[in-house]
Amino acid sequence: MKAFCPDILLYICHNCLPDGFHFEKQWRQNDCHIMVNELPCSGKIDIQYIFNALEGNAMGVCVIACPKGECTLSQGNYRADIRIKTIQKSTDYFIFNARY
């Protein structure tokens with residue numbers, strides 16, 4: 001049995017949410033299934049989480065972090081930014097090499 005994979009996977013830093021704000025864990029919109037995973041800090045996002053989502057046929061992954069310079073836990077947003085850029089470079093490399 002194949003594991004369930006949403007169309008769009010959203011990772012959000014818990015510290016980005018206003019106090020008392022409740023974010024739905026999943027919903028459907030325009031025939032897209034969206035699933036939300038809260039992280040204690042965006043710096044905790046692991047590259048493997050994103051690769052697993054893409055490998056599972058997710059159409060997109062979104063990581064929401066604190067604004068630069070305003071991370072509650074020091075430099076988590078910078079760590080997340082570095083990891084996202086690494087993934088973008090890797091996927092660009094794989095797609096380019098698959099075409100040629």
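In this predicted model, there is one aromatic pair to be found. Its members are Y11 and Y49: the ring centres lie 5.9 Å apart and the planes meet at 20 degrees, so the pair is stacked. The cut-off behind that label is an angle under 30 degrees between the planes. Two numbers are enough for this kind of description, as a pair of aromatic rings is described by the distance of the centres and the angle of the planes.

Now look at how each partner meets the surroundings. Y11 has a relative accessible area of 7%, so this residue is buried. For Y49 the value is 38%, which means that Y49 is partly exposed.

Of the six residues of strand 1, five are buried, so the strand is largely enclosed by the rest of the structure.

Which strands pair with strand 1? Strand 3 (residues 32-39) runs parallel to strand 1, and six bridges join the two. Along this pairing you can find I8 opposite I34 of strand 3. Strand 4 (residues 60-64) also pairs with strand 1 in the parallel sense, through five bridges. Here L9 stands opposite V61 of strand 4.

Conventions
Residues are numbered from 1 along each chain as its sequence is written. This is a predicted model: local features need pLDDT of at least 70, side-chain atom pairs count only at pLDDT 80 or more; totals for chains, interfaces and linings use all residues. Side-chain values use heavy atoms; hydrogens and water are left out. Rings of Phe, Tyr and Trp (its six-membered ring) pair if their centres lie within 6.5 Å; planes under 30 degrees apart count as stacked, over 60 as edge-to-face and the rest as tilted. Buried means under 20% relative accessible area, exposed over 50%, partly exposed in between (1.4 Å probe, protein chains only). Helices (H or I, at least four residues) and strands (E, at least two) are DSSP runs, numbered from the N terminus. Two strands pair if DSSP finds at least two bridges between them.
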